[in-house]
Amino acid sequence: MILDRIDRIVRSGEHWALLGANGANGANGAGKTTVLRLAGALMHPADGTVGILGHRLGRVGLRAAGHRGALSPGPRRPGRGRGSRPAGGRRGSPRPASGSILKIAVRGGDMREPEHRGPRSASAPVTDTAAVVLDDAGVVVARSEWAAKLLDCPPGQTCAPLLGMLPSAGAEAGPARRLVTLPAGEHVGTKVPLVCTVVRLAARAPDDRDAEAQWLVLVTPAETVVEAVEPDSERRRRRLSHTAAESIGSSLDVTDMAQVLVNLLVPDFADLATVDLAEPVLVGDEPLRLDTSGEVRLRRTAAAQSPGVSAEDLLPVGEALPPVPDTDVMRPLMAGRPVLVSDVDVLRAALGVDTDTLRLFVPSGAHSTVAVPLYARGLILGCVTVWRSQLPSAFGEEDAALLQDVASRAALGVDNARRYTKEHRSVVALQRSLLPQSVLNTAAADTSGIYQPAGGGAGVGGDWFDVIPLPSLRVAFVVGDVVGHGLEATAAMARLRTAVQTLADLDLDPGELLTHLDDLVLGFSSEQMTGESSTEPAVLGATCLYAVYDPVTSRCAVATAGHPPPAVLPPGEEPHFLGVVPGPPLGVGGMPFEVTEFGVRPDSTLAFFTDGLVARRGGDIEEGMERLRTSLVGAGSGRPLGEVSQSVFDKVLPQEPADDVALLLARTHALPPDRVAEWEFEADLSLVAHARELVVGRLSGWELDELSFVTELVVSELVTNAIRYAGGPVGLRLIRDRVLVCEVSDPSSTQPRLRRARETDEGGRGLFLVAQLTDRWGCRFTGTGKTIWTEQPITGPLSTA
């Protein structure tokens, strides 16, 4: 009895390892003896530790059938790939005969799978190969689990399907492989084509010297045995083609794809590989249709080389290739065909370039090369070139055909990536053109905004920010997020941003503005449902935050539609998030948007952001909020806002964020009290003259006497109308900065309207005169009435009076 149980089969090429146990040793386990028998060649590491087809077993003693000495590690045979081990032993050491079985006794606790580092070894546990041990009479001695399913041959009984394969007495006992059709155990009535390999088991247990010969039969389904029986070179080609189909095209970045391609080719197929792409391809444009190689402009995009290959003189990655004359060796490339050169000396003479340029193209020590164009839709996108210097065999026609097949896949991938790059750049350019300038300084605040598209191929989305100057030196901060990515989301964002700017010009409070915006989104939804619009579904579920900051009162009013609250960093304090009352996302309808007002200390930093900055797939948004809060520590008035923005992105965002992100930072200012003058009057027309006197005196103190005449006329008209039509009290305020602002407030909610008076009208000309004499004017409603404001530019330097 050789084996009672076959627990495992491992295959590497034509070598097979069986792991099992005999009845004397029992089951595997710590402290137990495991019997491992190997059919085929045994590979020895140089350090004396036995490795069976990639499985590390520890230091063990080896004994071959018919030999008493231990097998010693042998020298490495030339021409084997990396990580391979020579077969056999040193000179004078015994070698097992072909078809023999090596018996290796190891401690069960030492048997373990190797740690996986890098690409998986060519050897692997075999699940589609069955093992059956027969005696000379064809009786099943042992079988693996898969053999029980594949063949209807239980232990202790004759296996009729395999009996006819056993060699007759005195025949050659070497390994033999046959293709047969046998009935399948699990599929009664059906026949399965199988490949059966028969090997004589020459080893004997110490107490089993008189036992009859036994035979090992390895049974494999015919469709899975191709890789095991084909030549090694063909197997490498098949593996390269299969790996190329899996890996090429996995990236939408042309540079990454080029690097994947050269890494795929080196070191198994070539010692050095380069990819050169046309310069328009790198920026997403389509290359021109060219007829001669001298017109092509390529740039080295990726390169890879085996250890020990000298490539110091070659053109480095990122550099442009010098033009190559249109010679016979280059013309096939322009037609999309490969160029195979088995003798590099011939190539040196055929290129027709000077010696210095030749060193940039041809690596020293190379003996053969293949160049294949990246050819797609009749366009030359680039070229992939491989060289051999350490690998002894020169490239052949089969190698060139294989590389052409791989390059054709790569060309399609590069073309797809080029199209994506072009679309991505167009959308990014559109998105950025729709955003305000990143840095904007006003009397109310200094601001800095930054936008980051999503990574991993998601690209540009609908996140946006805006800074809108409002009358009376106030400023509005807006940040929003549209659902989805791509051009559709960008178009929806542009529509919403335009709507917000239009509503902001009406000088509405934040809650009322979001209510109007919500109604507008519902209108977009109606267009989508009726089929009148096919580009606006992304606005549904969009979020928005709108805040207004007044530097005169140092107060800020905020309303949010499903958006995260802003962070506030007062000077000298820790950052915190503002407690706002959240409203529903846009498009829900019927829900109010609460306004939250809070005081803001001068030089405070406000951070408005989209959820892509704090939300991660599978993560807790509270953890993201805490990361953001921590990143804002130390972002006080001493650091530029642009530097703070980039620092926040570096600390909070992953390398490839799953969503696009917008961040707007604002550092607030407070207007000094000496630049504001306020008065309040009862509803008495006789006080209008007194109001004019106060205004003229204040302007004289500010050294703005040139504005006195117009301002006096404006104040007279507006105060008179307020007292006459609205009653008291009437408020009057002057604000001086880069412009002179004049405000008149009254308790009425009636909207004044500008009209042209007819020649017969006795009134109606006052507001028309105000509009003609001032730079801008307008009206906004407040909680106690309305305020009419005007602006006049100040041309001279600001006075400190």
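User: Leaving aside neighbours within four places in sequence, which residues is L351 in contact with?

Analyst: Contact here means heavy atoms within 4.5 Å. With those sequence neighbours set aside, L351 is in contact with V324, P325, T327, V329, M330, L358, F361 and V362. The model is predicted, so local features need pLDDT of at least 70 and side-chain atom pairs count only at pLDDT 80 or more, while totals for chains, interfaces and linings use all residues. Residues are numbered from 1 along each chain as its sequence is written, and side-chain values use heavy atoms, with hydrogens and water left out.

User: Which residues touch the most other members of the largest nonpolar core?

Analyst: A nonpolar core is a set of buried Ala, Val, Leu, Ile, Met, Phe, Trp, Tyr and Cys residues joined through side-chain atoms within 4.5 Å. Buried means under 20% relative accessible area, exposed over 50%, and partly exposed in between (1.4 Å probe, protein chains only). The largest core has 65 residues, and L265, F269, V275, L351, L374 and V386 touch the most other members. Helix 10, spanning residues 397–434, gives the most to this core, with nine residues. Helices (H or I, at least four residues) and strands (E, at least two) are DSSP runs, numbered from the N terminus. A second, separate core of 52 residues includes A492, Y549, F593 and F598.

User: How many aromatic pairs are there?

Analyst: Rings of Phe, Tyr and Trp (its six-membered ring) pair if their centres lie within 6.5 Å; planes under 30 degrees apart count as stacked, over 60 as edge-to-face and the rest as tilted. By this rule there are three aromatic pairs. One of them is F269 with F395: the ring centres are 5.5 Å apart and the planes stand at 45 degrees, so this pair is tilted.

User: Where do F269 and F395 lie in the chain?

Analyst: F269 belongs to the loop between helix 5 (254–265) and strand 14 (272–278), and F395 to the loop between strand 18 (379–388) and helix 10. The pair thus links distant parts of the chain, 126 residues apart. F269 counts as buried because its relative accessibility is 6%, and F395 is likewise buried, at 2%.

User: Why is the pair of F577 and F609 edge-to-face?

Analyst: Their ring centres are 6.2 Å apart and their planes are at 70 degrees, so the pair is edge-to-face. F577 lies in strand 26 (residues 576–577) and F609 in strand 29 (residues 605–609), so the pair ties together parts that are 32 residues apart in sequence.

User: Is F577 buried or partly exposed?

Analyst: F577 counts as partly exposed because its relative accessibility is 23%.
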